[in-house]
Amino acid sequence: MTSCFLNPRHRPTWLQPGRLAIASWVAVLVMGDHAGAASSRNERAVASVEHRIAGAPIMAVVSLRNQRITIYDANGWILRAPVSSGQKGRETPAGIFSVIEKQAEHYSNLYDDAYMPHMQRITWSGIALHGGPLPGYAASHGCIRMPYDFAARLFDATRLGMRVIVAPTDAAPVEIAHPALFSPQPGAGAVPAARAAEAAAAVSRADQARLAAATASRESARAMLPVRAAERLKLGAEAQLAAAERAVASAASAETKEQAEDAKAKAVARVAEVEAQVAAAKAELQPKLDAAASAREAAVIAENARVAAAEAAREAARNLEPVSVFISRKTQRLYVRQAFQPILESPVTIQDADRPIGTHVFTAMERTGDVEMRWSAVSLDSGHQTGGVAEPHTPARGRSGGDGEQISTDPVAAKAALDRIAISQDVLDRIAGMAAVRSSLIISDEALSSEAGKGTEFVVLMSGEPQGGIKFRRRGVETAGRYERSRDRLLYRRWPFAGPFSTW
């Protein structure tokens with residue numbers, strides 16, 4: 001007889017739950033191994049430069065194909081980490097942006113109050129860099145998620161206005177020199193320094209004038225005390241005189257009247273004495289009142305001068321803020337913004353205006369002299385992708401450096417774009433007077449995006465790339481209800497066995 005333990009037709013049903021449990025545990029272990037491996041890969045992918053001291057971040061380049069962000073200072077990359085950009089249908093738009101707002105704690109108005117720590121906004125319609133889960137592929141609703149720790153570190157290092165380039169393929173800046181790139185005017189920092197010194201001197205004068213006014217006010221207040229005391233004595237003497245006059249009028253006998261007349265005479269003398277005291281006190285008080293009034297007037301004048309000097313210093317400092325220039329082949333115009341404000345617009349001449357010129361970002365990385373500047377260039381190439389989801393490099397799709405290194409910009413194409421631009425000398429002179437480190441020149445076939453509005457830098461979207469992350473958002477919704485919350489709430493939910501980049 002065949003044993004029922006060997007005959008498949010007679011398998012005991014009580015073994016099935018056990019087998020299911022074992023299979024479940026195996027699946028959990030396998031998934032855990034995969035999640036752990038993915039987590040380890042992500043953690044290893046977060047890198048920072050170690051062979052030199054990193055400077056302040058100047059530019060961030062996000063590669064949609066590589067799903068990675070790289071931060072650059074004046075001398076090269078300093079930070080690098082994996083990201084998760086917009087999924088299919090809600091793609092992160094490729095183009096040129098800048099950081100326009102920062103919030104350490106932010107909760108989305110658009111997506112179920114989702115927690116977005118260390119948010120750095122790049123469009124007012126809701127596209128931002130922030131900490132978030134990284135599943136290893138594009139999975140967001142248009143934002144650029146970064147590892148939580150990396151997002152916190154980057155948040156502390158950056159400032160408003162930092163350039164953010166979202167490249168469909170691979171991009172990395174390359175140093176470039178060209179006569180069309182702006183050079184700062186000699187001694188450009190002298191005026192702001194002088195205005196700052198004037199503002200500091202005006203503050204000192206205002207403080208001294210305010211102190212002098214307070215001292216004069218105290219002295220006049222002290223001088224007022226004898227006047228008030230003498231006036232109280234005068235009121236008492238006048239009351240005694242009035243009582244004496246009533247006594248004289250009501251005297252019934254000559255003797256009583258004589259006594260009343262004597263009291264009245266003494267009261268008249270007392271009133272005269274007290275009036276002299278009042279006059280003397282007032283004479284002593286008046287110069288102090290005049291001095292206090294003069295000191296108050298001087299304090300007001302000094303305060304107005306302080307306010308004017310402070311505004312002049314701020315204006316001079318603003319003139320040293322990076323200036324951004326955008327040249328559009330589509331509109332044949334040049335636009336200039338500084339500190340998120342439009343300050344100049346002018347027609348521009350582009351040779352062979354019917355021929356594409358590409359999209360190029362030139363950034364002033366560092367001053368090397370009084371009238372010299374180091375510039376870098378980044379050129380954006382279309383990914384020619386289907387569906388808008390970043391695809392990895394293959395030999396058939398393009399070159400890639402080792403371990404997914406970004407490919408440096410070809411300076412020949414960037415210089416060719418500069419060669420085709422002709423700007424009037426007066427506009428060049430005005431721009432050169434504002435050129436500073438982190439200033440930029442953008443040349444593009446595209447027109448200025450509608451995302452570039454009040455309180456933004458230039459926003460240029462690549463029209464040939466998917467823009468689902470923009471199209472699904474209505475401008476103004478995210479900004480209408482911006483708010484912060486305290487840290488005492490649950491920051492995010494995760495499974496107990498998941499890695500640091502597990503999904504919500």
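A salt bridge is counted where a side-chain nitrogen of Lys or Arg lies within 4 Å of a carboxyl oxygen of Asp or Glu. The model examined here is predicted, and by this rule it holds 18 salt bridges.

**Exercise 1.** Determine whether aspartate 73 and arginine 52 form a salt bridge, and state where each residue lies.

Step 1. The closest N and O atoms of aspartate 73 and arginine 52 are 2.8 Å apart, and the pair forms a salt bridge.

Step 2. Aspartate 73 belongs to strand β3 (residues 68-73), while arginine 52 sits in the loop between β1 (47-48) and β2 (59-63). The two residues are 21 residues apart, and the pair links distant parts of the chain.

Step 3. Buried means under 20% relative accessible area. Aspartate 73, with 2%, is therefore buried. Arginine 52 has a relative accessible area of 22% and is partly exposed.

**Exercise 2.** Explain how far apart arginine 195 and glutamate 198 are along their helix, and describe their contact.

Step 1. Both residues lie in helix α3 (residues 190-249); they are 3 residues apart, so about one helical turn separates them.

Step 2. Arginine 195 and glutamate 198 form a salt bridge, with 3.6 Å between the closest N and O atoms.

Step 3. Arginine 195 is partly exposed at 31% relative accessibility, and glutamate 198 is partly exposed at 42%.

**Exercise 3.** Identify which helices are tied together by glutamate 303 and arginine 210.

Step 1. The side chains of these two residues meet in a salt bridge at 3.8 Å, N to O.

Step 2. Because glutamate 303 lies in helix α4 (residues 254-318) and arginine 210 in helix α3, the pair ties together parts that are 93 residues apart in sequence.

Step 3. Salt bridges with shared partners join Asp207, Arg210, Glu303 and Arg306 into one network.

**Exercise 4.** Give the strand order of the open sheet of 4 strands, and explain which strands stand at the edges.

Step 1. The order is β6-β7-β8-β9, with mixed pairing.

Step 2. β6 (101-103) and β9 (144-146) each have a single partner strand, so one side of each is left without a neighbour in the sheet. From one strand to the next, the twist averages 15°.

Step 3. β6 pairs with β7 (residues 119-121) in the antiparallel sense over 3 bridges. Lysine 102 has glutamine 120 in β7 as its bridge partner.

Step 4. Helix α2 (residues 148-157) packs on the sheet and touches β6, β7, β8 (128-131) and β9. The direction of helix α2 makes about 100° with that of β9.

Technical notes:
Residues are numbered from 1 along each chain as its sequence is written. This is a predicted model: local features need pLDDT of at least 70, side-chain atom pairs count only at pLDDT 80 or more; totals for chains, interfaces and linings use all residues. Side-chain values use heavy atoms; hydrogens and water are left out. Two strands pair if DSSP finds at least two bridges between them. Axes are lines fitted to C-alpha atoms, for helices over the stretch in contact, and angles run from 0 to 180 degrees between N-to-C directions. Contact means heavy atoms within 4.5 Å. Buried means under 20% relative accessible area, exposed over 50%, partly exposed in between (1.4 Å probe, protein chains only).
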